[in-house]
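Work through the exercises below with the sequence and the coordinates at hand, and try each task before reading its solution.

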Amino acid sequence: MNGAEPPAGAQRPIDLWRHARATRDMLAGNTAKRTQSAAGDDLLMGRARFVGPSTLDVDGRRVEAKAVIVATGSGPVVPGFLKALGERVLTTDTLFDLDELPASVGMLGLGAIGLEMGLALSRLGVRVVAGDMKALPAGITDPEVGQAAIARFAPELTMWLGQPMQAKADDKRITVSAGDGRSETVDMVLAALGRSPNLDGLDLAAAGVPLDDKGRPQLSDDGLRAGDAPVVFAGDVNGVRPLMHEAVDEGLFSARLAAHIVDGRAIEQPQRRVPLAIVFSDPDIGAVGMAHDQLDAGSTVIGTAKGSANGRAQVLGAPDDLIRVYADARSGRLLGASLITSHGEHLSHLLAWAIQRGETAQQLLELPYYHPTLEELLQSALKDVARQVKG
């Protein structure tokens, strides 16, 4: 890695990177150990594929089951044109395999994970050039929050938004280019274009799972079933809400569905929690409940609060913090929110709890708000909602 020496007492970027890798390995390893311990002697390690509606082959061993849960996860998407770059292409799965970080990275994809990885690399001294077909980063749909995110993070990494990005290489360097003609040279490319379900080799057709013209299961709206086959899908493999806490819920849903299939009972519709997504970008980006592009403009009011009017945000040097709360125009019942704030993970949770409980802006305003805190940002946004609610 290039760059000046850090101040005395500060950690070097390479030490921070090694600490991040060790932490990742520890967390992932503990999860794997807990899973293996819970399964005990019932765990079969191997490659499984369907050979019938209720029969699996696991490396030559036949397993009969009245119901099967598929939780094979997902893998990073790597377009064909990147594969020609060989080992100079990284994914979010292989990034942490690097012992040393390159001086520069071209990143394709600025979704939630892409923005997190891009900012982390930039803050470790890597020059990052990132592009995405969408006009706003991190999956943001609220235009004001999106523009605030662009303004906040543009000084840290180059962002080419709303246009395709290509990458070509010679023997020494890689050239990344945007659709408008801009280009830069980088050392490596990071593919952060999302993930696709791990279905190869399962032979779902043999299980009686209906497939589309691309060989993917035709899933129900909740993503858990495909036709009448005794197969249940859970987690990233169904692509409905590819987040850890959602995968945990779907694990419970799928176990109940499988039990109902085995017992021949009627299938109960699972009750999902309020959508909650957080980008750990410092300041954090949060999306809770109904998204901005799902709102009915005629029956919705939006309450806005900015860090420039919040004492705690000013103390934290975060005057550009922004929260937008969506509510029903007649009742004031909260529908959703979008935000970019310091420690936004906490405000996002408070809003998710309130929305799931069916709270109104007026009810939340009856609760205590300590001064000075970032929670007062929420209080200000709720006051803005209350002023606009009819009656």
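**Exercise 1.** Decide what radius of gyration a compact globule with 391 residues would have, and compare the chain with it.

Solution. The radius of gyration is taken over C-alpha atoms, and the globule rule is 2.2 Å times the number of residues to the power 0.38. For 391 residues this rule gives a value near 21 Å, and the chain has 24 Å, which agrees. Along the principal axes, the C-alpha atoms fill a box of roughly 65 × 65 × 45 Å.

This is a predicted model, in which local features need pLDDT of at least 70 and side-chain atom pairs count only at pLDDT 80 or more, while totals for chains, interfaces and linings use all residues. Residues are numbered from 1 along each chain as its sequence is written, and side-chain values use heavy atoms, with hydrogens and water left out.

**Exercise 2.** Find what share of the residues in the chain is buried, and what share of the contacts with a separation of 6 or more joins residues 24 or more positions apart.

Solution. Buried residues (under 20% relative accessible area, 1.4 Å probe, protein chains only) make up 42% of the 391 residues. Taking contacts as heavy atoms within 4.5 Å, residues 24 or more positions apart account for 61% of those with a separation of 6 or more.

**Exercise 3.** Check the span of helix α1, residues 13-39.

Solution. Helices are DSSP runs of H or I with at least four residues, numbered from the N terminus. Within α1, Ile14, Trp17 and Arg21 are buried.

Definitions and conventions:
Helices (H or I, at least four residues) and strands (E, at least two) are DSSP runs, numbered from the N terminus. The expected span of a helix is 1.5 Å times one less than its number of residues. Buried means under 20% relative accessible area, exposed over 50%, partly exposed in between (1.4 Å probe, protein chains only).
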